[in-house]
Amino acid sequence: VLTIELPASDPRTPALDMQRTGEWEPAAIFVDRPVTVLVVDDQELVARTVGRMLERDGHEVRFASDGLQAIEVYCASQDRPDVLLLDIDMPRMGGEECYHRLRQIDPKVRILFMTGQPDESKDEALLRGGALAGLRKPLDGNSLRVALSEALS
């Protein structure tokens with residue numbers, strides 16, 4: 001039996017992400033404090049994968065599977081999430097409608113949106129309306145860290 005013990009990593013220490021070029025590059029600077037992120041996606045595998053990325057960086061993650069549930073979670077909590085990571089294409093209530101309703105509830109809500117569909121006109125409209133960034137699926141750690149850092153700065 002071979003046992004290997006490694007030191008635990010500090011989630012605030014920049015990690016390395018493999019870029020699509022195949023070269024290793026240092027990750028973006030982390031947010032300097034743990035934050036709460038509500039990940040809203042109807043695809044559980046996507047939501048859990050993004051949640052693990054955020055948790056590795058020391059953040060608290062909550063989940064919702066569609067826009068209606070996101071509004072419920074956001075409004076029900078006295079300790080509201082710092083940022084919402086909102087998928088655009090979902091059943092029941094899509095991300096675009098959820099985004100507009102949340103902005104009515106709280107004009108200061110911080111929303112990052114993500115999509116697997118290339119629709120630049122929709123992206124631009126959401127950004128003009130106050131969304132902080134648009135991310136393309138599949139997300140990579142660096143893009144997520146940069147968008148989160150910018151949303152909280």
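**View 1. The open sheet has five strands in the order 4-3-5-6-7, paired in parallel.** Everything here comes from a predicted model, in which local features need pLDDT of at least 70, side-chain atom pairs count only at pLDDT 80 or more, and totals for chains, interfaces and linings use all residues. Residues are numbered from 1 along each chain as its sequence is written, and side-chain values use heavy atoms, with hydrogens and water left out. Strands (E, at least two residues) and helices (H or I, at least four) are DSSP runs numbered from the N terminus; two strands count as paired if DSSP finds at least two bridges between them. At the edges sit strand 4 (60-64) and strand 7 (133-136), each pairing on one side only. From one strand to the next, the twist averages 20 degrees.

**View 2. Strand 3 (residues 36-40) runs parallel to strand 4, with five bridges between them.** Look for Val39, whose bridge partner in strand 4 is Phe63. Helix 3 (residues 95-105) packs on the sheet and touches strand 5 (83-87) and strand 6 (111-115), where contact means heavy atoms within 4.5 Å. The direction of helix 3 makes about 150 degrees with that of strand 5; angles run from 0 to 180 degrees between N-to-C directions, with axes fitted to C-alpha atoms, for helices over the stretch in contact.

**View 3. Arg48 lies in helix 1 (residues 44-56).** At 37% relative accessibility, Arg48 is partly exposed, a class that falls between buried (under 20%) and exposed (over 50%), using a 1.4 Å probe and protein chains only. From Arg48 to Phe63 is 15 residues in sequence and 8.5 Å in space, C-alpha to C-alpha.

**View 4. Helix 1 meets helix 5 (residues 141-152), their axes coming within 11 Å and crossing at roughly 65 degrees.** So helix 1 is roughly perpendicular to helix 5, a label covering 65 to 115 degrees. Val50, Met53 and Leu54 of helix 1 make the contact with Gly141, Leu144 and Leu148 of helix 5. By class, that gives five nonpolar residues, one polar and no charged ones; Gly counts as polar, while Val, Met and Leu are among the nonpolar types.

View 5. A cis peptide bond joins Lys137 and Pro138, with omega about -5 degrees. Pro138 belongs to the loop between strand 7 and helix 5. Over in the loop between strand 5 and helix 3 you'll find Arg92, which has a positive phi of about 60 degrees although it is not a glycine. Arg92 is exposed, at 63% relative accessible area.

Methods
Parallel < 35°, antiparallel > 145°, perpendicular 65-115°, else oblique.
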